[in-house]
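My notes follow in the order I made them.

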Amino acid sequence: MIVVAGEALIDLVPQGTGALAALRPALGGGPYNTAVALGRLGSPTAFCSRVSRDAFGEALLDGLRAAGVDVSAVQRGPEPTTLAVATIDPGGSAAYSFYVDGTADRLFSAPAALPAGTTAVSFGTCSLVLEPGASAYEELMRAAAAQGVFTALDPNIRPGLIADADAYRARFKSWLPSVTLLKLSEEDALWLGGTPQEWLAAGPSAVVITQGGDGLTAFTADGAVHSVPGEPVDVVDTIGAGDTVNAALLHGLATRGALSPTALTALGPAGWQDLLRFAARAAALTCSRPGAEPPYARELEA
């Protein structure tokens, strides 16, 4: 079982140009998208979060169930669902404005235990920024790592939500001893500062950096570097692409029996090349259609 811990929200995606373009609600949130992608790829997956009892919250849970994701660890609350208003630039890249005050996911509390059979837990995005939930997710991360569970972190930086950038950067560094796999975009890496080598020295066994259309690069604790080019695709938008990479990496590692620090290093050049190419193909399919619509396993087998 791969557990994904973090927020579920509604993306409001513009259907045209201009500030007053009609907005289409879409299921979203970095961790939510990762969970859906894992379910569609066929990995046994559970979602650990706090979701509103409003209509958006029900739709979010329905989306998880449709992807085969276990929602028994989801907490519920009467507060409204978080909203993220997307802006799409001419190249398909998305930026977001968030409506987060008093929303349900911020009140997440750390569970007493992880679901039975948990082999990995994935964390990231808004859930590690917004208190008091951020401290609860941090507690869960540290507890999972202390139990020897594989932990993945995708910070997925949203600068508009981070009131104190220096404090967040320091907090990010404090998580690294509890992280097995760190995945982040080039933009995230620049914002955070530091290098893959510095991050590896702090704890992770591997760091994967996404470079948009230029592909992916993995850095491992043994000093190796593995890169693959991006998959050519007509980009509609990039919503959910990074989340799909995160899911594809975890799914690929699970199918290889490689959800451990030792196994990550033992993948070797051929194993990393196959894994990164798989993630690049999955992300390309997500970018080829509007919104966060990660691929199903059958689409990647074609």
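**Pocket, then helix**

I started with the second largest pocket, which holds about 290 Å³ of space. Its lining has 18 residues, and those closest to the centre are P14, G16, A86, T87 and I88. I keep in mind that this is a predicted model.

Strand 7 gives the largest share, four residues. I then sorted the lining of this pocket by class: ten residues are nonpolar, five polar and three charged.

I moved on to helix 1, residues 30-41. How far apart are its end C-alpha atoms? I read 16 Å. Twelve residues at 1.5 Å a residue should span 16 Å, so the two values agree.

Is helix 1 mostly covered or mostly open? I noted it as mostly covered, with twelve of its twelve residues buried. Among them are G30, Y32, V36, R40 and L41. Just after the helix, G42 takes a positive phi of about 105°.

Last, I picked out N33, which lies in helix 1. Why does N33 count as buried? Its relative accessibility is 7%, and the cut-off for buried is under 20%. I also listed what N33 touches, leaving out residues up to four places away in sequence. The contacts are L27, G28, G240, D243, A292 and P294.

Terms used:
Residues numbered from 1 in each chain as written. Predicted model: local features only at pLDDT ≥ 70, side-chain atom pairs only at ≥ 80, totals over all residues. Heavy atoms only, no water. 1 Å grid on protein atoms, 1.4 Å probe; cavity = no way out; pocket = protein on both sides within 12 Å on 5 of 7 lines; lining within 4 Å. Points joined across faces, edges and corners; volume = space filled by probe spheres on them. Helix = DSSP H or I, 4+ residues; strand = E, 2+ residues; numbered from the N terminus. Nonpolar A, V, L, I, M, F, W, Y, C, P; charged D, E, K, R; others polar. Buried < 20%, exposed > 50% of the residue type's maximum accessible area, 1.4 Å probe, protein only. Contact = heavy atoms within 4.5 Å. Expected span 1.5 Å × (residues − 1).
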